[in-house]
Structure formats: structure tokens, C-alpha cells
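This briefing concerns the charged side chains of one protein model and the way in which they pair with one another. Please keep the sequence and the structure at hand while reading.

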Amino acid sequence: MAPKWRELADKLAEQIRRGEYEPGQRLPQIRDLVEAGEGSKATVHAAYKALESEGLVTSSRGHGTVVRERVPLKRLGIARYDKAKWRDGDEVAFIADRVASGRAYRRNEQTQTVSLVEASPVVASAHDLEPGAPVYARARLVKEGDQPTHSLTSYYRPEHVEGTRLVDPTPGPAGRGGGFRVLYDAGYEIDHMKESLFARVPTAEEARMLQLPPGEAVVELHRTTYTADGTVVEFAIGVHAASRFAWEYDFKVPDSAQPQEDQQ
């Protein structure tokens with residue numbers, strides 16, 4: 001027979017799934033459930049901790065136990081980098097995701113810190129530099145309202161970005177069109193990129209920065225951006241709260257048996 005706290009956790013989980021408690025709604029206070037005969041204070045507390053570890057609720061001082069938002073942002077794949085969005089307009093990548101998701105945004109929901117640092121081995125490899133070579137690190141934390149969604153740090157060779165808005169720490173995108181527009185104006189039009197993704201357990205600092213509940217994973221993104229001649233003009237590392245995004249890709253299926261020109 002399951003312990004009392006498990007029975008209560010399962011009952012509340014079912015109520016959440018049926019919509020009796022909606023996303024963003026606070027669950028009853030522990031003392032209210034105790035008074036309703038659902039169990040002792042320890043039983044209710046254990047049930048709430050179980051729901052939190054299962055990713056159904058979040059708990060914080062002053063806000064109580066709240067049902068988590070279950071509709072993730074669309075995290076677009078190829079479409080978020082459409083040149084028409086940033087070259088001809090002002091829709092940088094994180095804003096493209098919000099627009100596609102029908103969600104509101106403010107440009108200052110992206111912070112920015114810029115510093116000249118020594119290239120780590122992974123950054124140096126991406127830029128074909130020696131480890132320890134100087135690179136600019138442009139670190140951003142992106143929020144939706146008050147909730148962080150992801151961090152993104154872009155690394156650039158100094159000769160590509162010195163004197164541009166990419167080394168300006170003003171919060172928000174780097175001017176109209178963001179970073180890719182800055183590179184474009186500097187003569188480094190992006191042509192293609194490579195992205196790799198993997199899920200992992202967050203570090204303690206990442207869990208704090210992204211306000212992750214216990215048990216939440218992160219998705220780490222590595223993005224390498226090239227010009228048409230193969231020059232790497234940006235290498236970026238992003239850390240995304242796994243439950244806050246749904247990754248979406250829409251692309252033409254290749255057929256390597258056909259001549260390349262037939263697939264254009």
C-alpha cells in the first residue's frame with residue numbers, strides 16, 4: 001500500500017492534469033489541506049515536494065506552491081535565422097520565437113554582459129585559435145516576463161567586432177536587427193551555420209540563474225556561424241530550461257542521389 005503522502009500527491013497530480021488547478025494557479029496552503037483531513041503537515045509537505053520533483057509545480061517563499069506553465073515556447077530552428085527578419089527588419093532570434101508562439105516580448109528582456117576573455121578549448125577549436133587566445137564573450141540572459149528562459153554566450157574574434165555594437169554592454173539586442181545585422185554591416189554576412197544540441201543536468205549556478213525547479217534538465221546548444229567563404233564569425237553556447245521550449249524544425253528533405261542543383 002502506498003504511503004499517505006504518495007496517495008495525496010497522485011490525487012493532486014490527477015487534479016492538475018484534469019485542469020482543476022490551472023497553470024499559474026497556487027495550490028491550497030498546507031494548513032488548509034491539513035484542516036480538510038488530507039493528512040498531517042508532514043504528509044502534505046512530502047506530497048508537495050513529490051509534485052515539485054516531478055515537474056508539476058514550483059515552490060518559492062512568498063508565492064507558495066504554484067502549478068507550472070505547461071505550454072512551452074516554440075524554439076524555431078531554421079526559420080528563426082531568416083535574413084529578412086534581422087537584415088530587413090528588427091526581429092532577432094529570441095523575438096522570432098516569441099512571435100511564432102504568439103507571446104508578448106520586450107527588447108530589454110535580454111540582458112547583456114561583454115568582456116574580453118581567454119578562449120576555452122571548445123571556443124578556440126570553433127574559431128581555429130590557440131586555447132587562451134583573446135576573444136570577446138557576449139553573454140545574455142533572456143527572460144519571458146520575470147522568468148528566465150535561457151542564457152546565450154556568443155564568442156567573437158576581436159578583429160571581427162571591435163568598434164561595433166557587439167562590444168557595447170547596453171541591455172537588449174545589439175541595435176536594430178541584432179548581432180547578425182552588426183556582422184552584416186561590418187562585411188561579414190552570415191551564410192550557413194551548424195547547431196548541436198544535448199540535454200544534461202544543470203550546474204548549481206545554472207539552476208539558480210534559470211530558476212529551475214528540482215529535477216529540471218537543461219538543453220545545451222552549440223552554434224557555429226559561418227560566412228560564405230567558411231569564416232567562423234560567431235560561436236555561441238546556449239543553456240535552455242528544457243521544459244520551457246519545444247524545438248521545431250521545418251526543412252526540405254535532401255536527396256543526396258540527385259544532383260545538387262536539382263535540390264535548390
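**Salt bridges and their setting**

Glu-20 is partly exposed, with a relative accessible area of 42% (partly exposed lies between buried, under 20% relative accessible area, and exposed, over 50%, for a 1.4 Å probe and protein chains only). This is a predicted model, in which local features need pLDDT of at least 70 and side-chain atom pairs count only at pLDDT 80 or more, while totals for chains, interfaces and linings use all residues. Residues are numbered from 1 along each chain as its sequence is written, and side-chain values use heavy atoms, with hydrogens and water left out.

**Glu-20 and the whole structure**
- Glu-20 pairs with Arg-18 in a salt bridge whose closest N and O atoms are 2.3 Å apart (a side-chain nitrogen of Lys or Arg within 4 Å of a carboxyl oxygen of Asp or Glu).
- Across the whole structure, a search finds 15 salt bridges.

- Glu-189 and Lys-83 form a salt bridge through their side chains, at 2.8 Å from N to O.
- Because Glu-189 lies in the loop between α8 (178-185) and β7 (192-200) and Lys-83 in helix α4 (residues 83-86), this pair ties together parts that are 106 residues apart in sequence (helices are DSSP runs of H or I with at least four residues, strands runs of E with at least two, numbered from the N terminus).
- Glu-189 is partly exposed at 34% relative accessible area, and Lys-83 is partly exposed at 24%.
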